[in-house]
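Student: I would like to learn how to read the features of a model such as this one, going slowly from one to the next. Could we begin with the charged side chains?

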Amino acid sequence: MKHFTFQELTKSATAKRKGIDNSPSMQVRANLAALVENVLDPLREAYGKPIVVTSGYRCEKLNRAVGGAASSQHVKGQAADIRSVQDTPEENKKLFDLIVKLGLPFDQLINEYGYDWVHVSYGPRHRRMKLRAVKKNGRTQYLYM
Ligand SMILES: [Zn+2]
């Protein structure tokens, strides 16, 4: 792990506010490290600028608190939500496109609500599945891209 720390991959304002212990187990740390080494670090190198992680590992309690899907790869430390420093849809899209262009071995890559942020996961499968999350009648739908 060159450009990312366990601290930034596990920190959560919600966990802090609600007193939830979001410390990662050895297995979760191994998963986070694999995500960084196979996807996030190579992406960061190619992008050439800092990348903001808005959510990485979420223990089950935290995942429920933020309304995450029960099957979310965040719970295993296999996913991260990232965005650009500028935090514009145009710049966030660059991260999404770069992950595809670089041929990184991701499992799922999600354009969240018009590039509000980008969700990327790694392992155990490398499906390279590209999705777009949209809200329809207040519910999230995932469409293939
Ligand atoms: Zn996510």
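Tutor: A salt bridge here is a side-chain nitrogen of Lys or Arg within 4 Å of a carboxyl oxygen of Asp or Glu. Before we go on, note that this is a predicted model, in which local features need pLDDT of at least 70 and side-chain atom pairs count only at pLDDT 80 or more, while totals for chains, interfaces and linings use all residues. Residues are numbered from 1 along each chain as its sequence is written, and side-chain values use heavy atoms, with hydrogens and water left out.

Student: Where do Asp97 and Lys93 lie, and how many residues apart are they?

Tutor: Both belong to helix α5, 4 residues apart, which is about one turn of the helix. Helices are DSSP runs of H or I with at least four residues, strands are runs of E with at least two, and both are numbered from the N terminus. Asp97 is partly exposed, at 32% relative accessible area, and Lys93 is also partly exposed, at 34%. The scale calls a residue buried under 20% relative accessible area, exposed over 50%, and partly exposed in between, with a 1.4 Å probe and protein chains only.

Student: How many salt bridges does a search of the whole structure find?

Tutor: The search finds 7 salt bridges. Another of them joins the side chains of Glu91 and Lys94, at 3.0 Å from N to O. These two residues are 3 apart in helix α5, so about one helical turn separates them. Glu91 is buried, with a relative accessible area of 7%, whereas Lys94 is partly exposed, at 47%.

Student: Which parts of the chain does the salt bridge between Arg127 and Asp107 tie together?

Tutor: The side chains of Arg127 and Asp107 meet at 2.6 Å, N to O. Arg127 lies in the loop between β4 (117-121) and β5 (129-136), and Asp107 in the loop between α5 and β3 (108-112), so the pair ties together parts that are 20 residues apart in sequence. Arg127 is partly exposed, at 34% relative accessible area, while Asp107 counts as buried, at 1%. Elsewhere, salt bridges with shared partners join Lys49, Glu91 and Lys94 into one network.

Student: How should I read the packing of two helices?

Tutor: Two packed helices are described by the angle between their axes and the distance between the axes. Here α3 (residues 26-47) and α5 (residues 89-101) pack at an angle of about 120°, with their axes 10 Å apart. The axes are lines fitted to C-alpha atoms, for helices over the stretch in contact, and the angles run from 0 to 180 degrees between N-to-C directions.

Student: Which residues of α3 and α5 meet?

Tutor: From α3 come Leu43, Ala46 and Tyr47, and from α5 come Glu91, Leu95, Leu98 and Ile99, where contact means heavy atoms within 4.5 Å.

Student: Which residues of the largest nonpolar core touch the most other members?

Tutor: Of its 30 residues, these are Leu40, Leu43, Ile82, Ile99 and Val120. Such a core is a set of buried Ala, Val, Leu, Ile, Met, Phe, Trp, Tyr and Cys residues joined through side-chain atoms within 4.5 Å. The elements that give two or more residues to this core are α3, β1 (51-55), β2 (79-84), α5 and β4, and α3 gives the most, with 8 residues. Leaving aside neighbours within four places in sequence, Leu40 is in contact with Phe4, Leu9, Leu35, Ala80, Ile82 and Val120.

Student: What does Thr14 touch, and is Thr14 buried or exposed?

Tutor: Thr14, placed in helix α2 (residues 13-18), is buried, with a relative accessible area of 17%. Not counting residues up to four places away in sequence, Thr14 touches Leu62, Ala65 and Val66.

Student: How do I read the backbone angles?

Tutor: Most residues other than glycine have a negative phi, and most peptide bonds are trans. In this model a cis peptide bond, with omega about -5°, joins Gly123 and Pro124, and Pro124 is in the loop between β4 and β5. Asp87, in the loop between β2 and α5, has a positive phi near 60° and is partly exposed, at 37% relative accessible area. Tyr113, in the loop between β3 and β4, has a positive phi of about 50° although it is not a glycine, and Tyr113 is partly exposed, at 29%.
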